[in-house]
Amino acid sequence: MQLTRLEVRQLRRFREPYVLSDLAPGLNIIAGPNEAGKSTLVRALRALFFERHRSRTVTDLQPWGDSGAAPEVLAEFIWQGVPWQLSKRFIHRRRFDLRRGTESFDGEAAEDLVAELLGYRYASRGSSRAEHWGVPGLLWIDQGSGQELRDAASHAAPHLRSALGNDTNALGSDVGDAILAQVEEARSQLLTPTGRPTGEYARLLAEQRADEVTLEELQARSRQYRHDADRLAELRAQHDAERRDPPWQALRAEQLSVRQALDEVRRWQEEAQQHARRLESLEHRGALLQLRLDEHQRQAQRHRERSEARAQAQTRVTEAEAAVVQAEKMARETQQQERLAHEALAQGEQAAENERVQREHQQLQDAHQRANHALQEAERAATTLRSLQEQLAAVQIDASAVKALRELAQQRDGLAVQWQQSVTRLAFHLPDGGVSLHGETLQGSGKLELTETTELQLANGGTLQIIPAHQDLSALQREAETMTLRWQQMLDALGVRHLNEAEERLEQTRALNEELRHHQRLLDSLAPDGLARLQEHLATLQGRLLPLAEQIRRLTTPEPKPDPAQPSPDLAPLRAQALAATQAREQAESRWRSKEQELAMARHATQAAEEEWRREQAQATAVADEQLAAWREELRVVNSEQHSLAQQQTERAARIEAARPTLLTQDLERLERSAKLLEERFQTREVEIANLTGQLRAAQAEGLDETLAELRGQVEQRERHLNELQRRAQALALLHERLQTHRTASIQALQAPLQQHLLHYLHLLFPAATMHLDEQLIPTHIAREALDEGALGELEALSFGAREQLGLITRLAYADLLREAGHPTLIVLDDVLTHSDSQRLAAMKRVLYDAATRHQILLFTCHAGQWQDLGVAPRMLPAPGP
């Protein structure tokens, strides 16, 4: 099938008729920018073939905002040498006309005829959908849907299977499918599709597992019964042996012996504690007696010391009285010296203050004069600055604008030179005329400048054509006019008449700016903080001068005006003398007070020493000699008893250590626990014997052995039935597997032609790769290397670009299959392979070029440069209007 012509009228952006004609039988590239109408043409094709002409759901075909438009699509194609002409109008004056060779058809009958030829069907109601598009829906790829293949292939499956032929043997035949269905039905009664038991087979397995669990429980109970019987016999033998000879009685006897030994050790420990308390009492009594004797010795020593201290205190009182008299005399003398020194300092300070006031007044007068002069100079500088700023505002000009004007002047000069070099000059001398130019006769002598091709008419009817050597003079002239206009605009913007005037104003601007900076620096040096601050400083000086002048007038004795060259009177020696006199007086008074305090303290110490001496004298005579002798004898007796008790304590501690009371206590506790545990074990065993006896009697009453034998018989019978069902399930599963293998082989034989076409294209993209098809003839997996099963992967796991490439390859293989079956094919690609890298795109171009030798391909794209190496000139659609 070859589409030769496509025309659209009043359809979306094509308000006026637009025609694609002389379409080639192979590859046709229709290119244009976005919104140029590529997708509109694809939509027109789909509407022409897929939509009924009476459809009311195609209003999207009308141009935007034009509800009165009647969209119309016309197409011509050749199939098997017969031309077909189609014309379909929608919405208003709806109509469909078909002409096949010399035959004519119209209406729905004509639409059905075309649908039957191309392999699609119409929707019974509403808009046409993907499930109606059949073969064209498979071979026509919309923008961005190249990777979506399964649904399109499913909708075209009947036509693909028809193209593969009707060999029922290759397909496994209907009888084979019926047999496979019967086997699956029989197998499904025993096994699930995944091979798990079901139905009666699953029920018997569940019962068998339950009986096995019960059997295991009964066997476990039987084993437990025998174990309990053996345990009961063992316990009874142990119980009878311990009843005859209780083992805990020997432990109790040993425990009694240990307790007696421990009681003896505890008696020794109590005696040691009593003797320790006696030793402690003797130690306290001996210490008290020794303390009394020591205190009597210390008292006698203190009496001797107090006698010596009383004599020394009386001596210190005499010395202190003499020192107080001397200190008082010195203090009186320093007080007189301090008064004289302070009087001299007061006179010197008064004279210095008078001189300071005079000097400060003179300094303030000088500062006031300097500030007044600086203010006058700053005001003159500020006035000059304002004048210069006014002059600058009148002549100021932008240096960058002058630079641009200067550059434009250089460009004009260069353009003029280029013009003079390029223009053609014609000099003539025609005394009699006979030559005319543009209808005017040239006569005499003269010169002309020719900027374009000029034709001279000669008197004899001939012509003389003069062609300038430079063909771009008109462009030079336009450039010169444009530059002249820019030149005048820049002069007007700067307010000058020519470049020299602009240069003069620029120089004036620079000079004025320099002078402004000079006066600004002068003003900043005179008034760095501004004129207002300078005026405030002058007012402050004036305010300080007034009180100083008043203070000078109030001086009691007029002082001469101070000479700045003469130094001020030096008050430091007077202040030093006064300070020294004050310090001498303070030191003398302090020494006087100190000596008086020392005298008072000496007198107080003498009184205290006298009282201490008298008290020690009374205590020294209070204790008689008989009492001292009694204390010494009692201390001797206490020391003797203490030595005897200490020796006894040492011997007793050795006996206690040898007896090791801690081990005896541990032995007593160990024997007690052991005897108790043996008694408890005897009692526990007695209880365990009674419990086991009851359990064994209960088990005998249940008839455990009979129940176990009966259950074993049931399990064996069910196992035989299960073995039969298992063999039947295995046989059916094997038969189903063999039938399925045979059916798969039949399907592979059916797919062989399609695989051949598919591999033809696939190897151009992936050498040595293979594609796996499912029963619906749709690719599911790809193996990059023929022998490497590890490289097998699902198509859905590939990248978007790879799936788009494989989707296009598969559609081309379908097209080859349909073409061999005598089915018309037309491949329409709208902006495909946009997600392919340069290497894959190059391979896909080889695929498209090869397919174009057997099919007509309409490739719509907005990247014409991307397809320029396919040997086909692209048809460019007009760019969209503003």
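Helix α11 (residues 499–526) has 28 residues, so at 1.5 Å a residue it should span 40 Å. Its end C-alpha atoms lie 41 Å apart, which agrees. The model is predicted. A search of the whole structure finds 36 salt bridges and two cavities of 30 Å³ or more. Five strands form an open sheet with parallel pairing.

- Buried positions in α11 are L499, E501, A502, R505, L506, T509, L512, L516, H519 and L523.
- G530 sits in the loop between α11 and α12 (531–553).
- G530 has 26% relative accessibility, so it counts as partly exposed.
- A378 is 152 residues from G530 in sequence, yet their C-alpha atoms are 9.0 Å apart in space.

**The parallel sheet**

- The strand order is β8-β16-β17-β3-β18.
- β8 (140–141) and β18 (875–876) are the edge strands, each pairing on one side only.
- β3 (residues 27–31) runs parallel to β17 (residues 857–861), and five bridges join the two.
- Along this pairing, N28 stands opposite L858, and A31 stands opposite T861.
- Two bridges join β3 to β18, and these strands also run parallel.
- Five of the five residues in β3 are buried.
- Both faces of β3 are covered, with L27, I29 and A31 on one side and N28 and I30 on the other.

**Salt bridges**

- The side chains of E7 and R5 meet at 2.8 Å, N to O.
- E7 is buried, with a relative accessible area of 5%, whereas R5 is partly exposed at 24%.
- R5 and E7 belong to a salt-bridge network that also links R9, E72 and R89.
- K88 and E111 form a salt bridge at 3.2 Å, N to O.
- K88 lies in strand β5 (residues 82–89) and E111 in helix α2 (residues 107–118), so the pair ties together parts that are 23 residues apart in sequence.
- K88 is buried, with a relative accessible area of 0%, and E111 is buried at 0% relative accessibility.
- R681 and E242 form a salt bridge at 2.8 Å, N to O.
- R681 is partly exposed at 41% relative accessibility, while E242 is buried with a relative accessible area of 10%.
- In general, side chains of opposite charge can pair when their charged atoms come close.

**Cavities**

- The largest cavity has a volume of about 40 Å³.
- Its lining consists of L118, V135, P136, L139, W140, P824, T825 and L826.
- By type, the lining of the largest cavity has seven nonpolar residues, one polar and no charged.
- Helix α3 (residues 134–139) gives the most to that lining, with three residues.
- The second largest cavity holds about 30 Å³ of space.
- D831, V832, T834, L859, F860, T861, H863, Q866 and W867 line the second largest cavity.
- The lining of the second largest cavity divides into four nonpolar, four polar and one charged.
- T861, one of these lining residues, is also the residue of β17 that stands opposite A31.

Technical notes. Residues numbered from 1 in each chain as written. Predicted model: local features only at pLDDT ≥ 70, side-chain atom pairs only at ≥ 80, totals over all residues. Heavy atoms only, no water. 1 Å grid on protein atoms, 1.4 Å probe; cavity = no way out; pocket = protein on both sides within 12 Å on 5 of 7 lines; lining within 4 Å. Points joined across faces, edges and corners; volume = space filled by probe spheres on them. Helix = DSSP H or I, 4+ residues; strand = E, 2+ residues; numbered from the N terminus. Nonpolar A, V, L, I, M, F, W, Y, C, P; charged D, E, K, R; others polar. Expected span 1.5 Å × (residues − 1). Buried < 20%, exposed > 50% of the residue type's maximum accessible area, 1.4 Å probe, protein only. Pairing = 2+ DSSP bridges. Salt bridge = Lys/Arg side-chain N within 4 Å of Asp/Glu carboxyl O.
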